[in-house]
Amino acid sequence: MKDLIKSLRYTFLALVASLLVGAVIIVITDIDALKSGDFGKAFSTVLAAYKNLFEGSFWGLRSISNTITASTPLLLSGLAVSVAFKAGLFNIGATGQMLAGGMVALWVGFVMTGPGWLQIPLAMIAGAIGGALYGGIAGVLKARTGAHEVITTIMLNSIASFMVMWLLKTKTFQREGRPDPISKLISEEAHLPRLFGFMEGRADLSAHFGFFVALLMTYLYWYLLKRTTLGFELRATGLNSDAAKYAGMKTKSLMVIAMLFAGGFAGLAGATEILGTYGYASGSFAGEIGFDAIAVALLGQSSPIGTLVSAVLFGALQAGGRQMQANTDVHVDLITVLRALIVMFVAAPLLVKAMFRVKSQVSAQEQTFRGWGG
């Protein structure tokens with residue numbers, strides 16, 4: 001518990017540091033205020049920007065709904081990166097695994113007919129299996145040939161992207177009457193229920209039950225790491241693969257298992273996007289979520305609670321950024337800068353300790369990543 005509190009405190013300090021640097025960026029980019037010497041106006045812009053950023057993230061039901069919608073795939077894909085980190089692997093392939101899982105869930109969503117209580121779980125399970133099998137490819141290549149997972153997962157991202165574009169132009173997937181690569185709509189029963197669907201007249205609230213799926217997976221990830229022998233072996237392999245192998249653990253098999261879990265989490269992220277957010281697939285339904293997940297996992301130090309907090313934070317920044325741009329002169333690209341700053345400060349703990357004069361040692365769970373052919 002103490003390590004968790006220290007980790008969350010460090011995450012909070014990294015956020016504060018990034019907001020301070022972001023404020024400086026807003027001030028120095030307010031050219032009109034600088035020319036006139038009106039620094040009061042520049043600081044007013046900073047306050048207005050951060051006020052709208054907070055309100056767009058948490059102030060009101062619509063803002064909370066937007067934050068939940070953005071956080072759901074980030075959390076699941078963040079878990080995909082985190083579980084690989086725990087085994088000493090660097091999973092860059094969450095995007096490809098999302099695409100694979102999303103397309104399988106899509107196929108189940110428009111082919112099957114039946115009640116939602118049956119169709120939705122089957123589509124979600126199919127998405128998890130699709131993502132797991134796709135993620136397992138990189139694990140098998142790593143275990144059998146020593147191919148570095150960074151290279152193979154990046155290549156698998158490209159393969160998945162082109163595969164999706166091809167599938168969306170086939171008769172099986174392409175929507176009738178549409179020349180562009182866009183899929184058929186899933187059946188009405190396959191849609192994940194809206195989180196606030198019980199509220200009349202609030203159909204604009206996009207949050208769906210995929211968020212509960214993400215929370216359940218976070219709990220299962222925690223249970224795997226803390227309560228199972230397999231989780232212990234994964235952590236041992238990530239901390240020192242040579243020692244784990246000497247202790248009799250099958251490290252190569254554990255690599256494959258870790259990537260299967262990673263792909264399964266990412267496949268669920270793709271499934272929730274298809275079944276909950278869009279209801280169909282286009283070539284870019286995964287967006288940049290898979291790469292944002294790397295920052296989420298790093299910020300959360302690959303822990304279940306840390307990844308959850310990081311995903312909600314990044315989802316809030318994404319949701320609040322739109323209102324910030326609409327109501328102030330600050331461009332939404334500031335959100336990208338803030339996220340980059342957060343990751344930078346997480347990667348530079350001594351800098352954060354110096355800025356805030358933190359005397360106690362910041363606890364961090366060190367992971368080792370094997371080199372080429374290791």
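Colleague: What conventions apply to residue numbers and to the model?
Modeller: Residues are numbered from 1 along each chain as its sequence is written, and side-chain values use heavy atoms, leaving out hydrogens and water. In this predicted model, local features need pLDDT of at least 70 and side-chain atom pairs count only at pLDDT 80 or more, while totals for chains, interfaces and linings use all residues.

Colleague: How many helices and strands are in the chain?
Modeller: Both are DSSP runs, numbered from the N terminus: H or I of at least four residues for helices, E of at least two for strands. The chain has zero strands, and its helices number 15.

Colleague: What share of the chain is buried?
Modeller: Buried means under 20% relative accessible area, exposed over 50%, and partly exposed in between, with a 1.4 Å probe and protein chains only. Of the 374 residues in the chain, the buried ones make up 52%.

Colleague: Is helix α5 largely enclosed or open, and how many of its residues are buried?
Modeller: Helix α5 covers residues 94-111. The rest of the structure largely encloses α5, because its buried residues number 15 of the 18.

Colleague: What arc do the buried residues of α14 cover?
Modeller: In α14, L334, I335, L338, R339, L341, I342, F345 and V346 are buried. They sit on the same side of α14, because their arc, taken from the directions from the helix axis to the C-beta atoms, is only 160 degrees.

Colleague: What type of aromatic pair do F85 and F90 form?
Modeller: Rings of Phe, Tyr and Trp (its six-membered ring) pair if their centres lie within 6.5 Å; planes under 30 degrees apart count as stacked, over 60 as edge-to-face and the rest as tilted. The F85 and F90 centres are 5.0 Å apart and the planes meet at 75 degrees, so the pair is edge-to-face.

Colleague: How many residues apart in sequence are the parts that Y221 and F265 tie together?
Modeller: Y221 and F265 form an edge-to-face pair, 6.3 Å centre to centre with 80 degrees between the planes. Y221 lies in helix α8 (residues 210-227) and F265 in helix α11, so the pair ties together parts separated in sequence by 44 residues.

Technical notes. Expected span 1.5 Å × (residues − 1).
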